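Have a look at the structure, and then we can go through some questions together.

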Amino acid sequence: MVAAAPANPPALVPPPGAFQAAVALGEKKANLPVDKIVVMGMMAGWMIGFGAFLAASIGGACTQMAVQNPGLAKMVTGAFGLPFGLLMVLVCGAELFTGNTALVTAAVYEGKATVGQLIKSCTVSYFANFAGSLALVWFVFQTGLFSATSAPVGIAVAKTSVPFMAAFCKGVLCNFLVCIGIWQASAANDLAGKAVGVWFPISAFVALGLEHSVANMFLIPMGIALGAKVTWAQFITANLIPVTLGNIVGGAVFVATMYCYIFGKLGQSTK
């Protein structure tokens, strides 16, 4: 008797299954040793940096479109760049701070990870992301593909000229969309589904002008390297700190906490 072939998994699992997949992924991330998080975090910074590199290259070449049709220019900039960066992170395997704020937090809520593991995962991946981003800045600067009039110069000035609360709120909204993109990708079982799950929310946050700390780790230092009138102190205090805090709230509160209440232990009534 011939054994029946195993059934193919569904292309898209329902929301409760997506939640369980996200928790399982968060548990795996929580159990990674520090050295693995460092290397995988540097890879994630490099990959997201490549996405920002492409977005700035395409968006920076759309100056006429930005004047004549600013909405279309924002759409083009969002569509090409950062979605491919995040897709590389998810498909190839890397440790991205912004995603970890939701995934590892969800694992903690479900009893699959400890608070100490959450702190380790987020802290180490954050600084490793920064290191990978700065390495890419050095390489891109050496290529000469950007000049003193290229898009990152204006981007660096604009991003460090936003009031603290505005940058914080942009960070909250941005990482809500980023983590929803990761959540949707975790629900898909094929590459096409993961790409679609990532593309819509990531292109949306770029087009909307929201703030992603890891993307900014490439964009603003790139602008500084090209001669933007921005100091490292301004970058850290006016952008990186408020955006990072906002990203934490967006991922840990508005994604992990909400979905752990909807599908997980937080929402279980105690009668």
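A pocket here is an open set of grid points with protein on both sides within 12 Å along at least five of seven lines, and its lining residues have an atom within 4 Å of a point. Keep in mind that this is a predicted model.

Q: Which residues lie nearest the centre of the largest pocket?
A: The largest pocket holds about 710 Å³ of space. Its lining is made up of 30 residues. Those nearest its centre are Gly59, Thr77, Ile155, Lys159 and Val206.

Q: How many residues of the lining of the largest pocket are charged?
A: Helices that each supply at least two residues of this lining include H2 (34–60), H8 (151–159) and H11 (213–225). By class, the lining of the largest pocket has 17 nonpolar and 9 polar residues, and the charged ones number 4.

Q: Which helix gives the most to the lining of the second largest pocket?
A: This pocket has about 390 Å³ of space, and 20 residues line it, with Leu25, Lys29, Val89, Leu90 and Leu103 closest to its centre. Helices H1 (15–30), H5, H6 (97–109) and H9 (164–187) each supply at least two lining residues. With 5 residues, the top contributor is H1.

Q: Which helices each supply at least two residues of the lining of the largest cavity?
A: The largest cavity has a volume of about 50 Å³. Its lining consists of Ile48, Leu82, Leu86, Val178, Ile202, Phe205 and His212, and by class it has 6 nonpolar, 1 polar and no charged residues. The helices that each supply at least two of the lining residues are H5 (82–92) and H10 (191–208).

Terms used: Residues are numbered from 1 along each chain as its sequence is written. This is a predicted model: local features need pLDDT of at least 70, side-chain atom pairs count only at pLDDT 80 or more; totals for chains, interfaces and linings use all residues. Side-chain values use heavy atoms; hydrogens and water are left out. On a 1 Å grid over the protein atoms alone, a cavity is a set of points where a 1.4 Å probe fits but cannot get out, and a pocket is an open set with protein on both sides within 12 Å along at least five of seven lines; lining residues have an atom within 4 Å of a point. Grid points are joined across faces, edges and corners, and a volume is the space filled by probe spheres set on the points. Helices (H or I, at least four residues) and strands (E, at least two) are DSSP runs, numbered from the N terminus. Ala, Val, Leu, Ile, Met, Phe, Trp, Tyr, Cys and Pro count as nonpolar, Asp, Glu, Lys and Arg as charged, and the others, Gly among them, as polar.
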